[in-house]
Amino acid sequence: MSAVEELLLEIKKMNKNFGPIAALKDVDLAIRRGQIHGLIGENGSGKSTITSIAAGMQEATSGEMRFKGKPWKPASMVEAQAGGISMILQEANTIPNCSVAENLFAGQENHFSTLGFVNSKKMNRAADEILQKFNLTHMRGKDSVNAYGFEDRKLIELARAVTDETEILVVDETTTALSFEGREILYRLMDKLAAENKAVIFISHDLDEILLHCSILTVLRDGEIRGVITKEEMKQPDSIHKIRQLMVGRDIGDKFYRSDCDGSHGDEVVLEYKNVSNANIKNFSLQLHAGEIIGIGGLSGCGMHEIGRMAFGLEHLDHGHVLCRGREILNTAKAVQAGIGYISKNRDQEALILEGAISTNIVMPSLPDLKKAAFIPPARERRLADEQIRLLAIKCENGGQWVSTLSGGNKQKVSFAKWIAKGSDIIIMDCPTRGVDIGVKQAMYQLIYDMKKEGKAILMISEEMAELIGMADRLIIMKDFQIAKEFSRSGTLTEGDIIEYMI
Amino acid sequence: MKKLIQNDRLRAHSGSLLSYGGLALCLIVFSILSKGRLFSAYNVGILIQAACVYAILAMGAIFIYSMGYMDISVGAQVGVYCILCILITNATGSLLLGFATILALALICGLINGYVSVMLGLPSIVTSIFLNSIFGGVQMLLMEWVDTNSVGIQYDMSFLKSITAMVTAIAVIAVIAVCLYNYTQLGKYTRAIGANEKAAQLSGVSVTKWKVLAYIFFGICIAVAALFLTARTGSAGKGTGTGYAMDIMVALLLGGMPLSGGMRSRISSSLIGSFTYVILSNGLTLSGVDTSHVYVIKALVFLAVILITCRKREGVLPR
């Protein structure tokens with residue numbers, strides 16, 4: 001059936017070099033009408049590089065592109081979008097402090113202006129129409145984008161990217177930023193575009209999502225195409241295993257999450273929420289034991305991230321206490337002293353000093369422990385950092401390398417290393433594997449499991465149900481700022497069982 | 001050349017190399033232009049006297065600039081401290097008492113600068129503008145009150161005026177500042193706060209506490225600098241201290257200090273920068289440049305230095 005479908009975008013022998021590093025090596029790719037074409041590969045495998053070249057963000061070093069039968073070489077994203085290739089990015093891309101309408105029509109204000117004055121009423125009306133079209137009826141064109149959360153802003157970008165001219169929509173790891181409802185909107189849009197005989201290029205780390213929505217899948221590794229998998233092959237029972245092997249380049253085995261179903265843990269309560277309330281959450285209570293992994297899941301906006309922040313002294317509490325071995329947690333400094341570590345969901349903004357050395361980041365919480373009579377011997381610092389770099393296999397030249405130069409997975413390892421170096425025995429992880437590729441993910445799960453075995457208590461907050469089921473001793477599902485359901489560890493729990501309690 | 005720049009170690013230190021180079025260049029250019037007079041024994045004395053106050057202030061200020069903050073109240077503070085030190089010393093006959101008073105005042109101002117801005121949620125530049133106005137006003141009132149154009153010190157401060165004393169002071173404060181900056185929590189945390197305040201906080205750093213401590217160290221430096229300024233000039237008036245805030249900022253920038261603070265900050269910037277700045281001003285005068293042209297030339301040098309050292313590096317690998 002594929003032969004009859006018209007070729008929409010053809011990439012031939014594309015190469016892209018960044019200095020001495022080759023990001024793409026002789027890549028050939030064909031996108032046909034009606035396809036939802038998945039691209040999958042580890043971080044740095046070249047997925048985003050291909051699509052960003054096709055969408056005009058950067059130029060290829062060599063190679064040829066043909067779009068709708070004609071040579072294609074867009075000079076900018078605006079030109080590419082006008083020509084028919086639009087892209088939605090992983091990072092936030094809306095303009096803050098502007099209205100939704102101004103964001104939607106950025107660069108097209110002259111359609112709404114007379115004699116240089118923009119008719120904002122007209123623009124807002126047009127914006128409302130577009131929002132209506134995408135079923136985003138909860139947003140209004142005249143509102144400021146600041147009034148909306150990260151997820152809604154992502155949807156605004158979506159509405160901006162897809163116009164009547166769009167022939168190919170590139171979705172670059174957008175779904176990690178979206179909750180369940182947001183994803184549904186995106187999936188529906190993708191299916192609609194495919195049905196209209198247009199095409200979608202879908203980049204994601206989430207294999208289940210890829211298998212569910214893509215009609216064809218291309219696997220990349222180290223800038224080369226390692227395999228193309230058709231819909232029929234995707235339906236095979238061992239397809240996930242095969243795709244992972246293609247991505248990582250070696251057999252990573254079936255052991256992904258922990259394999260045991262033993263939900264036992266120590267008796268000591270190390271962290272306790274006692275009738276905690278803030279503006280949203282009312283009377284929340286929970287006990288975390290030594291050697292226990294508690295998973296907290298739910299839709300975005302269910303309050304699960306706030307639960308994690310509360311235990312680290314980051315939220316103002318109206319009532320109740322968070323106690324760590326009987327001591328009340330009032331601020332982050334106290335929380336760290338009490339042995340709590342917090343791995344933030346907003347890694348680049350909150351967890352890491354990007355413009356700083358790996359070693360600086362790793363030793364930051366441990367500095368008070370390292371000092372000898374007020375002075376911190378540099379050798380001690382270096383030793384601690386090097387030890388962690390080795391232990392977690394952080395890929396870098398040395399500890400002096402800046403964190404901003406690392407890939408997402410290695411950045412997250414640095415974020416983990418901070419608290420392992422500190423010796424914290426209660427770790428709160430907010431989306432610990434967000435934007436991390438499979439190889440690193442597997443290492444992280446092993447690490448988390450080892451931490452449990454050492455008697456550390458872990459609070460794992462995640463939007464990925466699979467990893468919660470795979471890792472948690474106790475799984476708590478939250479809905480509307482309350483605990484909706486609690487599951488104990490079992491081998492038979494499936495995502496289907498959980499989802500009904502989330503919505 | 002291209003290969004040289006690709007060398008990572010070299011690139012990591014390019015900022016400090018450039019600022020050392022700037023100092024060296026200043027030395028060479030002005031020793032030629034002034035026909036060697038730059039290094040005459042007399043002029044070296046002048047240079048050290050002038051650099052002493054700048055260097056001490058800059059070594060305190062660098063802790064503030066590392067956090068990405070600014071302080072513009074230095075000048076007015078120095079002015080008031082000089083006047084107060086002279087008045088109290090003259091009245092009591094004890095220099096120690098005079099110095100103790102201004103040290104105490106400087107510590108209180110450090111607290112205000114650090115703590116109030118955190119408590120009220122104001123950017124610290126706002127509190128420093130406030131302090132600048134207050135001190136400017138106090139300086140005026142003090143001078144109105146004594147009803148002269150300038151007050152002179154009656155105590156013999158010549159022991160502080162000697163080159164040895166000044167070099168010792170710079171050296172002692174430099175050793176303290178370098179140790180604090182490179183080997184203690186204070187220095188490490190100020191840089192971390194400048195690089196990412198939120199991440200520092202989430203690593204268990206009590207941002208408020210260290211911020212206040214940084215301002216307190218700065219306060220001590222201001223008091224010491226005021227003491228040496230008093231010793232050097234022997235008198236103080238309405239204009240004492242004017243322009244120091246801006247001079248310190250320029251000196252730090254000349255020393256390769258990024259205004260945004262963070263991990264690129266180096267303590268060496270304060271020393272190199274203040275000497276470069278002093279040699280630049282002194283050298284221009286010695287070379288016979290008209291005073292009216294000095295400012296324009298300084299501005300051009302400043303612009304050139306900023307363009308070379310502070311521009312963002314390009315060509316970063318995308319993910």
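How many bridges pair strand S13 (residues 269-277) of chain A with strand S14 (residues 284-289) of chain A, and in which sense do they run? The answer is five bridges, in the antiparallel sense. Keep in mind that you're looking at a predicted model. Below is a quick tour, starting with those strands, then moving to the sheet and domains of chain A, and ending with chain B.

**Around strand S13 of chain A**

- S13(A) and S14(A) make a hairpin, with six residues sitting between them.
- In the turn of that hairpin, look for Asn283(A), which has a positive phi of about 50 degrees.
- S13(A) also pairs with strand S16 (residues 319-324) of chain A; here, too, the strands run antiparallel, joined by five bridges.

**The six-stranded sheet of chain A**

- Chain A has an open sheet of six strands with mixed pairing, and the order is S6-S9-S10-S3-S11-S12.
- What stands at the edges of this sheet? Strand S6 (85-88) and strand S12 (224-230) of chain A do; each has a single partner strand, so one side of each is left without a neighbour in the sheet.
- If you ignore direction, neighbouring strands of the sheet are turned by 20 degrees against each other on average.
- Strand S3 (residues 36-40) of chain A runs parallel to strand S10 (residues 199-203) of chain A, and four bridges join the two.

- H9(A) lies across S3, S11 and S12 of chain A, and it runs at about 35 degrees to S11(A).

**The two domains of chain A**

- Chain A splits into domain 1, which takes in 3-93 + 163-248, and domain 2, which covers 269-502.
- Their C-alpha centres are 33 Å apart.
- Where the domains meet, domain 1 of chain A puts in eleven residues and domain 2 of chain A puts in ten residues.
- Helix H9 (residues 239-248) of chain A supplies the largest share of domain 1's side of this contact, namely three residues.
- Sorted by class, that side of domain 1 has three nonpolar, five polar and three charged residues.

- Chain B has 14 helices and two strands.
- Along its principal axes, the C-alpha atoms of chain B fill a box of roughly 65 × 55 × 30 Å.
- Of the 319 residues in chain B, 47% are buried.
- Among contacts in chain B with a separation of 6 or more, 79% link residues 24 or more positions apart.
- The contact between the chains takes 26 residues from chain A and 18 residues from chain B.
- On chain B's side, helix H10 (residues 185-201) gives the most, with eight residues.
- By class, the side of chain B that touches chain A has seven nonpolar, eight polar and three charged residues.

Terms used:
Residues numbered from 1 in each chain as written. Chains lettered and ligands numbered in written order. Predicted model: local features only at pLDDT ≥ 70, side-chain atom pairs only at ≥ 80, totals over all residues. Contact = placed C-beta atoms within 7 Å. Nonpolar A, V, L, I, M, F, W, Y, C, P; charged D, E, K, R; others polar. Buried ≥ 20, exposed ≤ 12 C-beta atoms within 10 Å, placed from the backbone. Domains from an automatic or database assignment. Pairing = 2+ DSSP bridges. Axes fitted to C-alpha atoms, helices over the stretch in contact; angles between N-to-C directions.
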